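This report goes through one structure, from overall layout to individual residues. The sequence and coordinates are shown first.

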Amino acid sequence: MSNNTATIKTRKNLVSTRTITMTALLAAISYVLAFLEFPVPLSPSFARMDLSDLPALIGAFAFGPVTGVMIELIKNILQLLSTSTGGIGELANFLMGASYVLAAGFIYKYKKTRKMAMWACAISSVVMGIAAAIVNYFILLPLFETFMPLDQLIASFGEFLPFIKTKLDVVLFNALPFNILKGLVIGAIAMMIYKKLTPILKGETLK
């Protein structure tokens, strides 16, 4: 019994150590991906997107929702080293990313099947869209207003979507749908690569 107990304890320690190591690695990859930005369709040039939530989503699937949130947190703490927003942008990014991976991680944890993973990606994309709408309205757009008058800010979005006339329009017709689309794209990529990465993430190739 004592040998079995020792073996179980050793395995738990190995799993814990590997989880910590993979969390740090995925956070580092997420941080690097944050610098690879792309223009947002039907949006002004200052509206950019990246795929930095992808490693956090993979971490949430592999190790649970808390790990996904930790990856988002570490990424944004690292971004504070070169922030130009006084931490406000990083806070907003964390809130949106954390809502995404937390929802996906909890849903996938309930039943780890491909079908459930697809539902997790779809539902969490909507969750992130709603979170992004709230964050944009109360945090990001006020932040942009410090660099550009509100009317000019709204007009810059209206150049692409003429029916955008108010701050709420920017949120409902740009931030909300865009972030849902972003979540779906990241989820689709995760679906394509997750199973191939699982043995590496969990050390199964070493068994």
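## Basis of the values

The model is predicted: local features need pLDDT of at least 70, side-chain atom pairs count only at pLDDT 80 or more, and totals for chains, interfaces and linings use all residues. Residues are numbered from 1 along each chain as its sequence is written, and side-chain values use heavy atoms, with hydrogens and water left out.

## Overall layout

The protein has 7 helices and 2 strands. Helices (H or I, at least four residues) and strands (E, at least two) are DSSP runs, numbered from the N terminus. In that direction the elements run α-β-β-α-α-α-α-α-α. The C-alpha trace spans about 70 × 35 × 25 Å along its principal axes.

The protein has 207 residues, of which 43% count as buried. Buried means under 20% relative accessible area, exposed means over 50%, and partly exposed lies in between, with a 1.4 Å probe and protein chains only. Contact means heavy atoms within 4.5 Å. Of the contacts with a separation of 6 or more, 67% come from residues 24 or more positions apart.

## Helix 2 against helix 4

Helix 2 (residues 53-63) packs on helix 4 (residues 88-110) at an angle of about 25°, and their axes are 8 Å apart. Axes are lines fitted to C-alpha atoms, for helices over the stretch in contact, and angles run from 0 to 180 degrees between N-to-C directions. Helix 2 and helix 4 are therefore roughly parallel to each other. Angles under 35 degrees count as roughly parallel, over 145 as roughly antiparallel, 65 to 115 as roughly perpendicular and the rest as oblique. The crossing of helix 2 with helix 4 is right-handed. A crossing is right-handed if the near helix is turned clockwise from the far one by less than a right angle, and left-handed if anticlockwise.

On the helix 2 side the contact is made by Asp 53, Ala 56, Leu 57, Ala 60 and Phe 61, and on the helix 4 side by Gly 97, Tyr 100, Val 101, Ala 104, Gly 105 and Tyr 108. By class, this contact has 8 nonpolar, 2 polar and 1 charged residues. Ala, Val, Leu, Ile, Met, Phe, Trp, Tyr, Cys and Pro count as nonpolar, Asp, Glu, Lys and Arg as charged, and the others, Gly among them, as polar.

## Helix 2 against helix 5

The axes of helix 2 and helix 5 cross at roughly 130° and come within 13 Å. Helix 2 and helix 5 are therefore oblique to each other. Helix 2 passes helix 5 in a right-handed crossing.

Asp 53, Leu 57 and Phe 61 of helix 2 make this contact with Ala 117, Ala 120, Cys 121 and Met 128 of helix 5. The residues divide into 6 nonpolar, no polar and 1 charged.

## Helix 6 and its neighbours

Helix 6 (residues 150-158) has the buried residues Leu 153, Ile 154, Ser 156, Phe 157 and Gly 158. These buried residues pack against helix 5 (114-145) and helix 7 (167-202).

The angle between helix 6 and helix 7 is about 30°, with axes 9 Å apart. Helix 6 and helix 7 are therefore roughly parallel to each other, and their crossing is left-handed. Leu 150, Ile 154 and Phe 157 of helix 6 meet Lys 167, Val 170 and Asn 174 of helix 7. This contact has 4 nonpolar, 1 polar and 1 charged residues.

## Single residues

Ser 156 lies in helix 6 and counts as buried because its relative accessibility is 12%. Its side chain reaches the backbone oxygen of Leu 153 at 2.4 Å, a polar contact (a pair of N or O atoms within 3.5 Å; within protein, one must be able to donate a hydrogen and the other to accept it, and residues adjacent in sequence count only if both atoms are side-chain atoms). Leaving out residues up to four places away in sequence, Ser 156 touches Pro 44 and Phe 46.

Ile 164 is in the loop between helix 6 and helix 7 and counts as buried because its relative accessibility is 3%. Not counting residues up to four places away in sequence, Ile 164 touches Ile 154, Phe 157, Gly 158, Asp 169, Val 170 and Phe 173. The C-alpha atoms of Ile 164 and Asn 174 are separated by 8.9 Å, at 10 residues apart along the chain.

Thr 21 lies in helix 1 (residues 2-33) and, at 43% relative accessibility, counts as partly exposed. Thr 21 and Phe 163 are 48 Å apart in space, C-alpha to C-alpha, and 142 residues apart in sequence.
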